[in-house]
Amino acid sequence: MDKFIPLSVPNLKGNELAYVTNAVETEWVSTGGPYVNEFEDKVATYVKAKGAVSCQNGTSGLHIALRVCDVTKEDEVIVPTLTFIAAVNPVKYIGAEPIFMDCDDTLAMDADKLSDFCHNKCSFIQGKLINNNTKKHIKAVVVVHVFGNMADMERIMELADEFNLVVIEDATEAMGTYYMKGNYKGKHAGTIGTIGVYSFNGNKIITTGGGGMIVSNDKELLRRAKHLTTQAKSDELYYTHDEIGYNYRMTNLQAALGLAQLEQLERFIEVKKDNYDLYQEGIKSLKGLRLLKFREDIRPNYWFYGLYCDNEYPLDRDDMIHYLSKKKIQSRPIWGLINEQRPYLANEAYKIEKAKVYLEHVVNIPCSSNLTKEDVLYVLECLKKPTRIN
Ligand SMILES: *Cc1c(COP(=O)(O)O)cnc(C)c1O
């Protein structure tokens, strides 16, 4: 095949051009235009949250989420080690310290280890979870729904209730994922914890170029989020500011893209599901390969596909990436573990085991919503007859 097959790229064939053109023609290009509020309302409605506050990207959304949940530099925050580093950096922006937790087979935070850590390595004193090691207050946990799967929110919320933890859901990869069963039936990723954040970066399931959205069912948190993302201006005319704010609001141009993308989200998920099923069908019969599954009690958004290469397959992770790249297929390993990154070497990491195994074996394969059936069949063809390339 002559065509290059990218990993995950935007799909902008709906009303994007029409809405952006309208924003330009009406000269509403900055944060003031009508699309921004409309996009916030539509996202809130789609995920069934009480409200939504737009921002420049997922990272700034997570920064604000920590701020409005009153995480301070005195606190510690439990975070996953197997995820994109933007889930954790905002903890450091605040001056707080992360504690790294392992993943389970969903790739999201391991609820058993979280429980062990809270019960055995901490003390619960006067309503506060105190780290025995540092004597600091662990105020929050950042849960990431990796690749559009869902973390075990039932268990995590139980622990959060038991230990008075704020739950910040990094749902940047999981817009459209929701529970089909259990206590949280019908609840979307991002709307179960205290506050949730989506990202509309170019590689996410819908994109605004760069953009993000904070959602919550707590109106007061949303009010504070809007205040902080818009320079904390308490008087429009006289420009009085009651705290240090940020210039984090989304622009009308971004929101124009977002509205057009949101209209297509369910269709993108259908395409991603069909392609996932097609991959699954082909990979089933290949010795040494398996496709990572999504939880059975959810409707996933099928954002990213994880291909697990075990030792029976002729190629290891890096040979696989190299081989696919020669075949013009883009793939990549999951992220380097965050607790092993230079800025985080001094931070506590609790029994990191599974994350290492998944990192060593998983390759992400093409999953864009404009990936065709022919593309998938070609990737499968290549996986069938691997050759080591030196
Ligand atoms: C994409 C992503 C982010 C950051 O979103 P941006 O919009 O790129 O800032 C944060 N966390 C995770 C897990 C992500 O995948």
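## Ligand site and a helical salt bridge

In this predicted model, a polar side-chain atom of aspartate 170 lies 2.7 Å from a nitrogen atom of the ligand, a polar contact being a pair of N or O atoms within 3.5 Å. Local features need pLDDT of at least 70 and side-chain atom pairs pLDDT 80 or more, whereas totals for chains, interfaces and linings use all residues. Residues are numbered from 1 along each chain as its sequence is written, and side-chain values use heavy atoms, with hydrogens and water left out.

| Residue | Distance to a ligand oxygen atom |
|---|---|
| Threonine 59 | 2.5 Å |
| Serine 199 | 2.7 Å |

The protein buries 93% of the 380 Å² that the ligand exposes when taken alone (Shrake-Rupley method, 1.4 Å probe). Around the ligand stand 15 residues, the closest including Glu173 and Lys204 (a heavy atom within 4 Å); this shell comprises four nonpolar, eight polar and three charged residues.

Elsewhere, the structure holds 22 salt bridges (a side-chain nitrogen of Lys or Arg within 4 Å of a carboxyl oxygen of Asp or Glu). One of them joins glutamate 38 to lysine 42, with the closest N and O atoms 3.0 Å apart. Both residues belong to helix 2 (residues 34-47), where four residues, about one turn of the helix, separate them (helices are DSSP runs of H or I, at least four residues, numbered from the N terminus).

Note on methods
Polar contact = N/O pair within 3.5 Å; in protein donor to acceptor, adjacent residues only side chain to side chain. Nonpolar A, V, L, I, M, F, W, Y, C, P; charged D, E, K, R; others polar. Helix = DSSP H or I, 4+ residues; strand = E, 2+ residues; numbered from the N terminus.
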